[in-house]
Amino acid sequence: MAVVNLQNVTYKYPLTDAPVLKNINLQVNEGEFVALIGPNGAGKSTLCYTVSGFVPHFFKGEMTGTVEVAGNESSKSNLHEWVLNVGLAFQNPFNQISGAKYTVFEELAFGLENIGIPRDEMIQRVNDAMKLTGISDLADRSPYSLSGGQQQRVALTSILVMQPKVLVLDEPTSQMDPIGTREVFGAIRTMAEKGMTVILAEHKVEWIANFADRVVALYEGEIISDGDPSDVLTSDLLAEKGFGISRYTSVARKAKEMGLWKKDKLPITLEEAVEGFS
Amino acid sequence: MHERLSFFVKRDSVLHRLNPLTKLTLVFGLVLIAFFSPNYWTPQLLFLCAILPLSFLGGIQQSFLRAFIRLILPASGFLFLMQAFFHPVGEKVVFQLWFLDVTSESLSFAFRNATRIAVMVSSFTLFLLTTHPSELMSDLTRRGLPGQFSYVIISTLQILPQMQAKAQTIIAAQRARGLDTESTFFKRAGSLFPLVGPLVFGSLVEVEERAIAIEARGFTSTHVKTSLHDIPDTGADKFIRWIVIGLVLIALTSRLWLS
Amino acid sequence: MSIISENAGYFIIAVVIVAALLVWAYLTKRMQKDFSTMTWVLIPVAIAINIAIGQIVVTLKLPVYLDSIGTVLVAVICGPWAGALTGTLSNVIWGLTIDPNAFPWFPVAFFIGLVSGLMANAGWFKSWWKVAVTGFAVALTAAVVSTPIAVYLYGGITASGSSFITAYLLQTGQGVVQAVMSTGFLVEPVDKITTAMLAFAIIQGLSQRFVARFPRPENAQTEGGTSQTQLIIALVVIVLLVLFAMFLLGNILGG
């Protein structure tokens, strides 16, 4: 069952001439973990905003085509209704702190207060979500006193408590140090394993290869590839365009040209490369 | 790890347990009584019989007295002097400094004003010492204040220290580059711009993403908002509020009666 | 005090007019237009800017306040009501965190936001000289609105440096109200014109894309002409305004 359905979506930001998304067709099934890759400026963020409703409701601009999530159509919905179905977290963890609350627990409950969830359910949801992302010990801290990785996990959790049907994550680890990255990816993985539908825009190809069900490659506003990670991430097309290729894949491709790589499929991760070369 | 925000001091006292609206009513009541009362000695009475005891009741007498001695007393004292010297009313000159006359009328006027202002500031200090901003805002929101106002106030209270820290960093960095904050007027005026620029633009860029973040948490939702914290409003609270209103009305009527 | 009862009538009328204005703006949906999510997120930042710059100015010992730059910024790109709210809350929070003597002055901040927003709506924030005029209008408003507060609560002498001027004028036999208002007319223009121009400079420095997110980006759209000629025009206008202010002052002093 396609929970996200984009049909022929073309979008142009206000005050600009060129459309950032061109004729996007994308279906995501319930429980799928889709990774979105592409060079900077390809339109990944815009696509994330489109699925999460901020395009066009927040950014205005011109959009053609239809965007459907969980049976609702974007053009017929309000942003405040849409966000109940689609959660969005993005790069900068500091900017996702609402500023309205003094402790992490309250910060997590902020969204639930806004949508009128009863107190007991609120507390239950927050506790459950904190366990899921491993931040229960941060409950009484001020959100501003946390590290980047902790803040990003708080941001993720504050979206999780809203219990959206789809989770859209726009490069959540770009501004993290290695520890933070590991923490955030761990949380995402937990959610994906629980059956959450996830759309993750990312650059870290090796991690995607291990955990994503599907990879969608975006280039200059168009989807140029959509399929199994092991296919998309080793494709010649991506190598040609110059993105989405891990160094192991590049090395193995060179090795294949020289006749040193015997396997059919190129590796993406270190493990696959080691296995293939031995 | 509890950061100290503006004035609030965490204690378990009678005052702390009072409903925020009650404390607010108390504070405004004290201020209005001080300003309305025709009696000359009301402000001091209020201070000795209400404010000071309340500070003990709230367990924050140390912080209060420190604030009083360090901030309120000097400020009121300065105001008193300014008004005593410069207020034009009066004929009975009591004291002369240079070309400035201090008359007994201006003295009493200055005294009355300074004490009233001191009561006002002290009452608010009491309030701030015993009421956590998020508690106040939750209560007011429950009573009908739109959630956006609560958001703005608390957000500001949290951004302020960050902005001030940023300002200190920029000032220190500029000093290291030879910026003079002590020299001539023009140098000082000129130094304003390299200070203002980074401070302002740095904080403004965050606005867009933060707006998206709070939208994603239902900020514009039309649902009736609920609250995580349950702030009690007891019968005692209501009783106190009515008493205060009554006292304010008495002060007001006695003022109108006598004029 | 007899001054109070005389002017109490004026005060009540003023409050009623403002209340009516607020109700009208709310019912005709003009007020709501000012307030989008971006506005609500901008206001705390603007208040913090007000307070931070206001304090820097004190550290630098400059003879201005410059504590309303954020207010004017919000008023221009969001609207007069958002500006009025920003000013009011600025005062309240300054009172709560720095100096409670700031509390009673919130009507002044309210009107600073309101007037700069109204003038921006009328197109008077689109070039340097127009900004200077707006600053001047705001200054006059601030002087007028702060007078009754200074007179009633402080008897004309507040704890600020400008009170020395008031004191001097009082010595020359002026009435309290006149002395306070004259002081305002002298002190406010420099501060408010500078404030308006700094707010304008800030808006110029923001990307068009960013300003377009707010409810009233059209208020900030600059008119043509090179900035040099515009700055020269602005300087000329400021000189004229200063002369005008002194003329007003002379009339008040004489009358």
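**Close-up 1. C:Val180 sits in helix α9 (residues 176-205) of chain C.** Helices here are DSSP runs of H or I at least four residues long, strands are E runs of at least two, and both are numbered from the N terminus. This is a predicted model, in which local features need pLDDT of at least 70 and side-chain atom pairs count only at pLDDT 80 or more, while totals for chains, interfaces and linings use all residues. Residues are numbered from 1 along each chain as its sequence is written, with chains lettered from A and ligands numbered from 1 in the order in which they are written. With 29 other C-beta atoms within 10 Å, C:Val180 is buried. (Buried takes 20 or more other C-beta atoms within 10 Å of the residue's own, exposed takes 12 or fewer, and partly exposed is in between, with C-beta atoms placed from the backbone.) Leave aside the neighbours within four places in sequence, and C:Val180 is in contact with C:Thr147, C:Ala150, C:Val151, C:Gly156 and C:Thr166. Contact means that the two C-beta atoms, placed from the backbone, lie within 7 Å. C:Ala167 is 13 residues from C:Val180 along the chain, and their C-alpha atoms are separated by 8.9 Å.

**Close-up 2. Helix α6 of chain A (residues 148-160) is largely enclosed by the rest of the structure, since twelve of its 13 residues are buried.** From first C-alpha to last, α6(A) reaches 18 Å, close to the 18 Å expected at 1.5 Å a residue. (The expected span is 1.5 Å times one less than the number of residues.) Among the buried residues are A:Gln150, A:Arg153, A:Leu156 and A:Ile159. What do the buried residues of α6(A) pack against? In chain A, their partners are β6 (86-89), α4 (104-114), α5 (119-133), β7 (166-170) and α7 (178-193), and chain B joins in with α10 (206-216).

**Close-up 3. Here α5(A) meets α6(A), their axes coming within 9 Å and crossing at roughly 135°.** That angle makes α5(A) oblique to α6(A). The contact is made by A:Ala129, A:Met130, A:Leu132 and A:Thr133 on the α5(A) side, and by A:Arg153, A:Leu156, A:Thr157 and A:Leu160 on the α6(A) side. Sorted by class, that contact has five nonpolar, two polar and one charged residues. As for the terms, axes are lines fitted to C-alpha atoms, for helices over the stretch in contact, and angles run from 0 to 180 degrees between N-to-C directions. Under 35 degrees counts as roughly parallel, over 145 as roughly antiparallel, 65 to 115 as roughly perpendicular, and the rest as oblique. Ala, Val, Leu, Ile, Met, Phe, Trp, Tyr, Cys and Pro count as nonpolar, Asp, Glu, Lys and Arg as charged, and the others, Gly among them, as polar.

**Close-up 4. Helix α2 (residues 20-36) of chain B packs with helix α3 (residues 42-57) of chain B at about 155°, their axes 9 Å apart.** The pair is therefore roughly antiparallel. From α2(B) come B:Leu30, B:Ile33 and B:Ala34, and from α3(B) come B:Thr42, B:Pro43, B:Leu46, B:Ala50 and B:Ile51. The tally for this contact is seven nonpolar, one polar and no charged residues.

**Close-up 5. Chain B puts 48 residues in contact with 37 residues of chain C.** Each supplying at least two residues on the chain B side are α4 (61-86), α5 (104-130), α7 (147-176), α8 (185-190), α9 (192-204) and α10. Which helix gives the most? It is α7(B), with twelve residues. By class, this side of chain B has 32 nonpolar, twelve polar and four charged residues.

**Close-up 6. Nine of the eleven residues of α10(B) are buried, so the helix is largely enclosed by the rest of the structure.** The buried set includes B:Val207, B:Arg210, B:Ile212 and B:Glu215. After α10(B) comes B:Gly218, with a positive phi near 75°.

Close-up 7. Most residues other than glycine have a negative phi, and most peptide bonds are trans. The A:Val55 to A:Pro56 peptide bond is cis, with omega near 0°, and A:Pro56 lies in helix α2 (residues 54-57) of chain A. A:Asn8 has a positive phi near 50°; this residue is in strand β1 (residues 2-12) of chain A and counts as exposed, with 11 C-beta neighbours inside 10 Å. A:Gln163 also has a positive phi near 50°. A:Gln163 is in the loop between α6 and β7 of chain A and is partly exposed, with 15 other C-beta atoms within 10 Å.
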